Structures are given as C-alpha cells and as structure tokens.
Amino acid sequence: LVHSAAAGTPLPAAAFVPTDERAAERKYGFTVVASLAAARDRRGEGGLLAGRTVHFCRGVAGVRAPSAHELRLIVEAAGGRVATRIDRGADPAAVLVVTGDPPREEQMKDKLVRRTAEEGSGFHTIKWLFDCIVKQQLILPD
C-alpha cells in the first residue's frame, strides 16, 4: 500500500503476495486465491469497507500495529475512511471502533466512542480488522 500510495495508483497485488503463501495461509487462516477473488468482487462495490468509517482509539497506531499513515492507507485501500474523531451525528452502524489487541480500558472510556460502539457493532481489535482485510470478509456480530 505504501508503494501504491507513492505511485499514486494501485499496483498489482501479485507483486506483493508473500513468496511462501502457504505458511501465511496456515498462520492467518485464509487462502490467498479466495481473498484476491473476494477483493476483485468487492472492488465493484467500492471495497470491503465501502460506506464505513474506521475510528482507531488512542494507542492503536504504532503500538503493535502499523503507523497512523499506514492504517489510513489500509482503510482507504479497502474503500473506507478514517476518522480521528467521531462526529456526534455519525451513524453508529457505519462506524467501526478499533482498539488495540488486547483492548485497553482507557481506549473504551470516551463517552462518544463508547456510545458509538454500543449502538453500532461494538469494539473491535486491530487483529479483528486485519483478519477482515486479509480474508476480505467483514465479520460483524449479529
């Protein structure tokens, strides 16, 4: 994603697929072929996160996770947008609130963040977000 951002255009994914994809598939529980196919299908819909806003709680970026810039690139590549603050008028169902892994209590204290998570799809860990991105499946509670 960093290379695509620098080039100003999406670069072919095949150039960045791990050379030992079977090990990655076993480690993270996905298949590269299925994920790439799902990503191609979702492109017509705007991407996995199309129509969604992702709010990263304080202490996520750069702490056992990519930098804020890289997180933004990941979310935008998946069709979403990043909000550094949650707007009071935001639709909670369209906002994904992401915590560290494991979540820290202070990440869930902010009243607006907590209300958005409670009225929306809940709190999600950064690991959950990466699992969704890798598998190209948005796994939300019922």
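How many residues apart are E119 and R115 in helix 5, and by about how many helical turns are they separated?

## A pair in helix 5

In this predicted model, E119 and R115 lie four residues apart in helix 5, which spans residues 111-119, so about one helical turn separates them. Side chains of opposite charge can pair when their charged atoms come close. R115 is partly exposed, because its relative accessibility of 29% falls between the limits of 20% and 50%.

## A pair in helix 6

Helix 6 covers residues 126-135 and contains both K127 and D131. These residues are four positions apart, about one turn of the helix. A salt bridge joins K127 to D131, with 2.9 Å between the closest N and O atoms. With a relative accessibility of 44%, K127 counts as partly exposed.

## The pair R42 and E45

The salt bridges in the model number six. One of them links E45 with R42, where the closest N and O atoms are 3.7 Å apart. E45 is exposed, because its relative accessible area of 54% is over 50%. R42, by contrast, is partly exposed, with a relative accessible area of 23%.

T53 belongs to strand 1, which consists of residues 53-56. The relative accessible area of T53 is 12%, which is under 20%, and therefore T53 counts as buried.

Leaving aside residues up to four places away in sequence, T53 touches R81, A83, A94, V95 and L96.

How values were computed: Residues numbered from 1 in each chain as written. Predicted model: local features only at pLDDT ≥ 70, side-chain atom pairs only at ≥ 80, totals over all residues. Heavy atoms only, no water. Helix = DSSP H or I, 4+ residues; strand = E, 2+ residues; numbered from the N terminus. Buried < 20%, exposed > 50% of the residue type's maximum accessible area, 1.4 Å probe, protein only. Contact = heavy atoms within 4.5 Å. Salt bridge = Lys/Arg side-chain N within 4 Å of Asp/Glu carboxyl O.
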